[in-house]
Amino acid sequence: MSRSAAPLHTIRRAVLVASGVVVAVGALVLIGWWRRSAGLQSLGMRALPMFPNTAAGFIAAGLALGLVRRFPGNRGARVASRALGAFVLLLGALTFVERVWQRDLGIDLLLFADAVRAGSWVAPGRMAANSAVCFVLAGIALVLLDVEIPTGERPSQPIALGVFLIAFLALVGYAYDVQALYTVGKFSGGMALGTAVTFTVLSLAVLFARPDRGLASLFTNARASGVFSRRLAPAALLVPVLLGWLTIQLGRYAGVSGDVGIAVLVILVVALFLFLTTRSALAVEKLDIEREALLRQAQSARAEAEAANQAKMEFLTNMSHELRTPLNAIAGYVQLIELEVHGPITAEQREALQRTRRSQQHLLALINDVLNFAKLDAGRVEYRLETVEVTELLAGVDSLIRPQLAAKGLQYELLCADPSIVTRGDVEKLRQILLNLLSNAIKFTPSGGRITVSCEAEGEGEQVRVLVRDTGVGIPADKLAMIFEPFVQLDRSLTRTGEGAGLG
């Protein structure tokens, strides 16, 4: 991971901790109702208490998130998590129905009914309507936590963001002492401060449960978007709220008029965002400079590699020329001796000359293979495409391999007599490919074996398939991928009978 990216393992650990905090909050509140402790019911905050059904919903939501985070990939944990998410969704939906249609379904009295009745709460459905909506959204997000649409987005993340915005609005209401921000008209007695804080923690944990996917990745990646998001988003949320609170306090305790307070707030917000924008731009510029340096290093390394490749090509070309010259001279001298230009030779001498010629031809073929491979590797091979009659091409190859077939006593059959089969290609390259295939077939087929070549048109005549079959030793299935690597031969023993460099 880039040093400019957020550490994903830390975020995942924080999500697990957050899910534990949500469960612990719900458990503490339930203990408070059991012990009739007003301090635990409101989590020590001088505000509305968190009701038992709300606490139960948080326990279920925290467990649902913790299961998939603690046991990623476990099917049982995933099923249990979705079941708990469905419970959270149902709790919120039924409570919302109570609030909107003024029906008392008795949901709030399922836990600690006597203690709940003893309070002077708004009834029916004592959980606030905005809390119910948050539970509905949180339940949906937990059920869809691992769902990803084809575009790579995760629906759970924008839904969790909706929960965050509702809870954040309630927190701002408490900070500014504006009741309308944490209540929903006639439908609610208000979201408790502890409830708003817990929903904020839960929503952020759901949003970053999969930090490398979807919307969350905008805050965790190493690109410019990640740098801007990590630097601007927290400040954009918290600092204006803080400045607004300070402005209100300034007006209350210093006697500053509202117009002056608003002007001061605007100036502070503008200064803040200028500072944050400049700081983020400098960070992005630093990131761009690092990437440009890496790009220059990569370009330099590529240029060096191309220069080395060019030097290798020139070396191989020169070496092939230097080696071919004496090899061709050896072939010429052998031919002169065989023609008895320098006098008669015995049968044993003629056999020795034939062996010398075969060795010379084999060495020359190896040099040609290495040179051809170097050209391929350097991308310097040129192709001359033209219409090729396949039967004529195969017949020409047939004449080239007949001496090798006769030497090993192999049967050869050409099953391609349709002169209408044509294709587009480089004749010389196609001939070389066929010669390589047939040479290998001859090399690895025992005496008395059989080699068959056939061809057929495919794809409405646009393609041609040529098949070479033999009764040789074959290639194991687990070695098929290896044979296409340069200089690879399956039989590397000192007693192997096959010749070649592994470039055919």
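1. Three cavities of 30 Å³ or more turn up in a search of the whole structure. The search uses a 1 Å grid over the protein atoms alone; a cavity is a set of points where a 1.4 Å probe fits but cannot get out, while a pocket is an open set with protein on both sides within 12 Å along at least five of seven lines. Lining residues have an atom within 4 Å of a point. Grid points are joined across faces, edges and corners, and a volume is the space filled by probe spheres set on the points. Rolling a probe the size of a water molecule over the atoms shows where empty space is left.

2. This is a predicted model, in which local features need pLDDT of at least 70 and side-chain atom pairs count only at pLDDT 80 or more, whereas totals for chains, interfaces and linings use all residues. Residues are numbered from 1 along each chain as its sequence is written, and side-chain values use heavy atoms, with hydrogens and water left out.

3. Overall content. The protein has 14 helices and five strands; these are DSSP runs numbered from the N terminus, with helices being H or I of at least four residues and strands E of at least two. Of its 504 residues, 33% are buried, where buried means under 20% relative accessible area, exposed over 50%, and partly exposed in between (1.4 Å probe, protein chains only). The accessible surface comes to about 29,000 Å², and 61% of that belongs to carbon and sulfur atoms; the areas come from the Shrake-Rupley method with a 1.4 Å probe, and for residues only the protein chains shown count as cover. Among contacts (heavy atoms within 4.5 Å) with a separation of 6 or more, 69% join residues 24 or more positions apart.

4. The largest cavity. Its volume is about 60 Å³. The lining consists of P49, M50, F51, T54, R126, M127, A128, S131, G190, M191, A192 and T195. By type, these residues divide into seven nonpolar, four polar and one charged. Here Ala, Val, Leu, Ile, Met, Phe, Trp, Tyr, Cys and Pro count as nonpolar, Asp, Glu, Lys and Arg as charged, and the others, Gly among them, as polar.

5. The second largest pocket. This pocket has a volume of about 390 Å³. It is lined by 14 residues, of which L204, F219, A233, P234 and L237 are the closest to its centre. Helix 7 (156-176), helix 8 (193-207) and helix 10 (224-254) are the elements that give two or more residues to the lining. Helix 10 gives the most, with six residues. The lining has 12 nonpolar residues, one polar and one charged.

6. Helix 8. Its 15 residues reach 21 Å from first C-alpha to last, close to the 21 Å expected at 1.5 Å a residue; the expected span is 1.5 Å times one less than the number of residues. How much of helix 8 is buried? The helix is mostly covered, with 11 of its 15 residues buried, including F199, L202 and V206. The buried residues pack against helix 1 (8-35), helix 3 (52-70), helix 6 (129-143) and helix 7.

7. Helix 1 and what follows. The 28 residues of helix 1 should span 40 Å at 1.5 Å a residue, and its end C-alpha atoms are 40 Å apart, which agrees. Among its buried residues are L8, I11, V15, V22 and W33. Their cover includes helix 2, helix 3, helix 5 (113-117), helix 8 and helix 9 (217-220). After helix 1 comes R36, with a positive phi near 55 degrees. R36 sits in the loop between helix 1 and helix 2 (38-41) and is exposed, because its relative accessible area is 54%.

8. T95. This residue belongs to helix 4 (residues 75-101). T95 counts as buried because its relative accessibility is 0%. Leaving out residues up to four places away in sequence, T95 touches N53, I107, M127 and A132.

9. R431 lies in helix 14 (residues 427-443) and is partly exposed, at 24% relative accessibility. Its C-alpha is separated by 7.0 Å from that of L393, 38 residues apart along the chain. Beyond residues up to four places away in sequence, R431 touches L393, V397 and L400. L363 is in helix 12 (residues 347-378) and is partly exposed, with a relative accessible area of 39%.
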